[in-house]
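Hello,

Please take over the structure below. My notes on it follow.

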Amino acid sequence: MTASALAILIVTAGLAPVLCRVSRRFGSLVVAAVPLGLGLWFASAAGDALTGTGIVQTWAWLPDLGLNLAFKVDGLSLTFALLICFIGAGVLLYTTSYLADHPRLGYFMSVLTGFMAAMLGLVLADNVILLFVFWELTSITSFLLIGFDYERERARWAATQALLTTGLGGLSLLAGLLLLGIAGGSWTISGLDTQRVLESDLYVAIAVLVMLGSFTKSAIFPFHYWLPNAMEAPSPVSALLHSATMVKAGVYLLARLHPTLGGVPMWDNTLALLGGVTMVAGAYLALRQHQLKKILAYSTVSSLGTLVMFIGLDAAKAAATYLLAHAMFKGCLFLVAGTLTKMSGQKDPEKLGGLMARSPILGIASLLAALSMAGMFPLIGFVSKEVMLKAGIAHPEYSVAATAGITVSAVLTVTAAVIVGVRPFLLRPSTGTDVQWKAAPGWRQLTLPVILAIGGVVAGLAPAAFAKPLITGMVNAIDPAGVPHEIKLDWLKLLYPPTLATYLSLGALALGTVIFLGRSTYRTLTAPADALNAVGPARGYDGALAGITTLASIQTRIVQNGSLQIYVRVMLLTVATLVGLALSRSLDFSAMLELARTVTTFEIMLLLALTAATLSSILQKTALATIACLSGVGFTIAMLFALYGAPDLAMTQFAVETLMLIIFVFVIFHLPKYRDLSRRAFRLLDFGLAGIFGFTIALFVAAVLATGGPPSIADFHAANSLSGGYGRNVVNVILVDFRAIDTLGEIFVIGVAGIGVYTMLRLRAGPAAQASEPSIDSSEPSVGEGTP
Amino acid sequence: MNSVIFRSSTIVLLPFMLVLSIVVLLRGHNEPGGGFVGGLLAASGFALHAMAFGHVSARKTLRIDPRVLIGLGLIIATISGLPAAFMGKAYLKGLWVELNAPGFPDPLKVGTPLAFDIGVYLLVLGAAFLMIVTLEEYRHDANTGS
């Protein structure tokens, strides 16, 4: 079921452009229907997934490396799978209307579906390597989606920032997961030995690396800066990736590994502290924004911080409840914001107003979602805020700090919710004039926001419908130690009899509304704090990027200075030094002299010819003569091959020399006559260097021959060539069978070299040469056009 | 080159060199030879032709764009290893069948390494040809000042 669901999504992603080309209206609907079906499939399997240890499925991939396609569906992954499938289906449906006239609708649907496959794989994967692969795939698809409007520089910049930040985290996550696998003795998360991990020397490294990966992905302070910038993406992307699913991947991973890595002060305190800071800072920064999506983005940062904090505080129930509530209300609000901006062309909520009359359905959905976000009873947002406050108050160590932090962020969240979700519909626009409004949004744009808004109501009023089983399942997965948890989510019992949590919750509602009413005063009061932006982590990102570029250019200037002479000198000297050092340890001249006595007259003659050809090549005054001499060297070497019983090599050498000669002849017509450009001292230096190099290599070869060495691999090849490779020519059998992959790589290089020559000369020749590129069916007479 | 002797002999030599290159390619598994040398031989033949009659004529004689040959050769070589991989053996391990062709005393052995070698042959021919012809075109363009 798990693998087939993934396969179906991947195939759908591949087919999406085709379907959208066949029919923009209906093809795109088919794409949107696929995740809906998968969501229903997962829902039907909920019974199995939520009981016991869940559904585990494994297929062999690279079993020798411990790499298997291991999937696991338990409460946590099931909840994520349902969110991905259902919100994903709704977002795809929304997209078919939102980008209806966009020329790249099919591409967008394809990448979005591909993202859903990656995200689904991430939450279902039990194997850590598999999880990492899907993790990186979500980063890449996110990059493509943020940069969807790649013609805008701002979008490209934001996409790169998100990719680099999450990519950095991805690398450290890979290291962390590998260490975790080593320490825990298993490559599957469910097979990790918690005791061994906790006692391992690697624990600190694992914890830091995993946290780094999760924090970058989930935009936790100090890596929160990329998420608001990612709002350059179209609204459907913001709703699906940057609020409901992808940014929660970090939260998911922390929750998933909390049973293994948690319970240690370092882990718990870091999560609680950084999560708490992000929660308050995000809520504060949200109110400093003036654009719908930016406000929602910072509020999402705050929510992600909240979730991480509760994982650190060991309050699985609070985290699970808020996760579900947040996915619903934030997904809805992002889509509403997208529709508002698209229909009115206005990004600032203060300039919107009175829209309830224009689109009552959208307005009611938006109001319900905003009220849920603010924490109004009887919606799920109220329940989750109560549960969170209770968890904060009940915490044994950080009761006061946690409660204060939750309350402050709750107050600011109320204000943000009213600004974004209520103001555009119920109040007058600040400009005083009526808002431009293109057309009422169609059913495709309304379906998901309405369903999410109703979901928030149902989850609050009747938790047993879906909220309670899912939250219970998540809690059992995050905190498996205890007995199966009994979760109470009845909103009436949370409201009455009132407790401290109730008073704080209602107080936050009231205070948040007051801040909303006096928001201009509030903004003026908090303005001076914007000076902090100058030293914020976003500056750190810019600085690091500039530093890397500078470092790269300095290093390139040193290592790749463009002088071929220096390159050759460095290469020769390096090889000569290394070989010479190795030789100096074991040099046996007597064995070499013994070898020298076996040299025949014929060999000496060939060597004399070789030396003569080489010497004359450096004495020539024209390039053509030099090349002829060099060819003489090559042909002599080919004769040596033939002499030593390597006809294949000799043949190839002859053919290569011939071709090289022809190619050189074509090239040298361009070269000027030799001139003395280098100083005499340098030429003497080069002469000495070449002499040292040649002498060292000769000594090396002699030493190798004199030593004899271990039994050669040639014997194996000779013995197996006919029986195993069906060929009497051992060289050829090695090339096409025993070592065929090497050959494949080599011919690939040859092909690239050919295309490289073609590309460089064509590009240099400029457009004129391209225009005159001869075609095969050209009918002009070719005879008579030869070279002079 | 405007030598009549060179041109006339090239007309005769090219077909022979091509046939020879294929012989070398086919016999490579048991005697000295193979796809690499075969490809080089064929390319040398075309290089001769390019010297005698110019690059336009050489391209026309080859008929196929050398860039296509490079891709084709790489594809054939890559695919030739797949059957072994699908049969659970190492990728690119040679698989052989014996065909009883009428008129031949011995059964004819045909295997995936032959396909691999043909791929090598095509790629080497394409790459070498492309280099020679591109250089010749570049020289020609530079000389005519276009």
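Residues are numbered from 1 along each chain as its sequence is written, while chains are lettered from A and ligands numbered from 1 in the order in which they are written.

**Confidence**

pLDDT is the predictor's confidence in each residue, from 0 to 100. Chain A has a mean pLDDT of 86. In that chain, 94% of residues reach 70 or more. Residues 767-788 of chain A are below 50. Beyond near neighbours in sequence, that stretch has 30 contacts in the model. Contact means C-beta atoms, placed from the backbone, within 7 Å. Where pLDDT is low, the predicted coordinates should not be read in detail.

**Interface**

Chain A puts 50 residues into the contact and chain B puts in 60. On the side of chain A that touches chain B, α29 (647-668), α32 (730-738) and α33 (740-771) each supply at least two residues. The largest share, 17 residues, is from α33(A). Helices are DSSP runs (H or I, at least four residues), numbered from the N terminus. By class, this side of chain A has 31 nonpolar, 15 polar and 4 charged residues. Here Ala, Val, Leu, Ile, Met, Phe, Trp, Tyr, Cys and Pro count as nonpolar, Asp, Glu, Lys and Arg as charged, and the others, Gly among them, as polar.

**Cores**

A nonpolar core is a set of buried Ala, Val, Leu, Ile, Met, Phe, Trp, Tyr and Cys residues joined through C-beta atoms within 7 Å. Buried means 20 or more other C-beta atoms within 10 Å of a residue's own, exposed means 12 or fewer, and partly exposed lies in between; C-beta atoms are placed from the backbone. The largest core has 201 residues. A:L120, A:A319, A:L333 and A:A370 have the most contacts inside it. Helix α15 (residues 316-344) of chain A gives the largest share of this core, 19 residues. A second, separate core has 60 residues, including A:M651, B:A47, B:V133 and B:L135.

**Helix α12 of chain A**

This helix covers residues 248-261. Of the 14 residues, 13 are buried, so α12(A) is largely enclosed by the rest of the structure. Just after α12(A), A:G263 takes a positive phi of about 85°.

Most residues other than glycine have a negative phi, and most peptide bonds are trans. Which peptide bonds are cis? The one from A:F221 to A:P222 is, with omega near 5°. So is the one from A:F377 to A:P378, also with omega near 5°. A:P222 is in the loop between α9 (203-217) and α10 (226-229) of chain A. A:P378 is in the loop between α16 (360-374) and α17 (380-394) of chain A.

A:A219 has a positive phi, near 55°. A:A219 is also in the α9 to α10 loop of chain A. It counts as buried, with 28 C-beta neighbours inside 10 Å. B:R63 has a positive phi of about 70°. With 8 C-beta neighbours inside 10 Å, B:R63 counts as exposed.

Best wishes

Definitions and conventions: This is a predicted model: local features need pLDDT of at least 70, side-chain atom pairs count only at pLDDT 80 or more; totals for chains, interfaces and linings use all residues. Two residues are in contact if their C-beta atoms, placed from the backbone, lie within 7 Å. The expected span of a helix is 1.5 Å times one less than its number of residues.
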